[in-house]
Amino acid sequence: MKTYEILVKKQVIRDLNEIRDFIIENNSESLADKYVTNLLSEIQSLKYLAGIFKSTKYSIAKNYHSKAKLLITKNKKWYIVFHVYKGNVVVDKIMAAKLMKN
């Protein structure tokens, strides 16, 4: 089984921090930390799964990379936009699922 190195862009760190801040405002810090930890685990799953995804047809994701791929989170609230480059998974963006339109 092919494995990939995970590279996370600075924008993704900002996305995670914004998600965390939003949850803290509406719930608690511990819940926010757990939520972000789960998102990071899903990103790490791309280490093994990235090769099975096909490039997306969604133009909003292609704004980040012409061969963008999408991983929808288990709770179906977020899309993780990524692409594969030279054996690496480059995570480009985390976006709300409701924004995903052609």
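1. The protein has three helices and four strands. From the N terminus on, the order is β-α-α-α-β-β-β. Helices here are DSSP runs of H or I with at least four residues, and strands are runs of E with at least two, numbered from the N terminus.

2. This is a predicted model, in which local features need pLDDT of at least 70, side-chain atom pairs count only at pLDDT 80 or more, and totals for chains, interfaces and linings use all residues. Residues are numbered from 1 along each chain as its sequence is written, and side-chain values use heavy atoms, with hydrogens and water left out.

3. Overall size comes next. The C-alpha atoms fill a box of roughly 40 × 30 × 25 Å along the principal axes. The accessible surface comes to about 6700 Å² (Shrake-Rupley method, 1.4 Å probe). Carbon and sulfur atoms account for 53% of that surface.

4. Of the 102 residues, 37% are buried. Buried means under 20% relative accessible area, exposed means over 50%, and partly exposed lies in between (1.4 Å probe, protein chains only). Contact means heavy atoms within 4.5 Å. Among contacts between residues at least 6 apart in sequence, 51% join residues at least 24 apart.

5. The largest nonpolar core holds 20 residues. Such a core is a set of buried Ala, Val, Leu, Ile, Met, Phe, Trp, Tyr and Cys residues joined through side-chain atoms within 4.5 Å. Ile43, Leu46, Ile80, Val89, Val91 and Ile94 touch the most other members. At least two residues come from each of α1 (10-26), α2 (29-49), β3 (78-85) and β4 (88-96). The most come from α2, which gives five.

6. Isoleucine 80 deserves a look. Residues up to four places away in sequence aside, its partners include Leu39, Ile43, Leu46, Leu71, Val91 and Ile94. Glu42, Lys69 and Thr73 are also among them.

7. A second, separate core has eight residues, including Ala68, Tyr79, Met95 and Ala97.

8. Threonine 56 sits in the loop between α2 and α3 (59-62). Threonine 56 counts as buried because its relative accessibility is 9%. A polar atom of its side chain lies 3.1 Å from the backbone nitrogen of tyrosine 58. Beyond its neighbours within four places in sequence, threonine 56 contacts Ala61, Lys62, Ala68, Lys69 and Leu70.

9. Serine 30, in helix α2, is exposed, with a relative accessible area of 56%. Serine 30 and leucine 40 are ten residues apart in sequence, and their C-alpha atoms are 15 Å apart in space.

Conventions. Polar contact = N/O pair within 3.5 Å; in protein donor to acceptor, adjacent residues only side chain to side chain.
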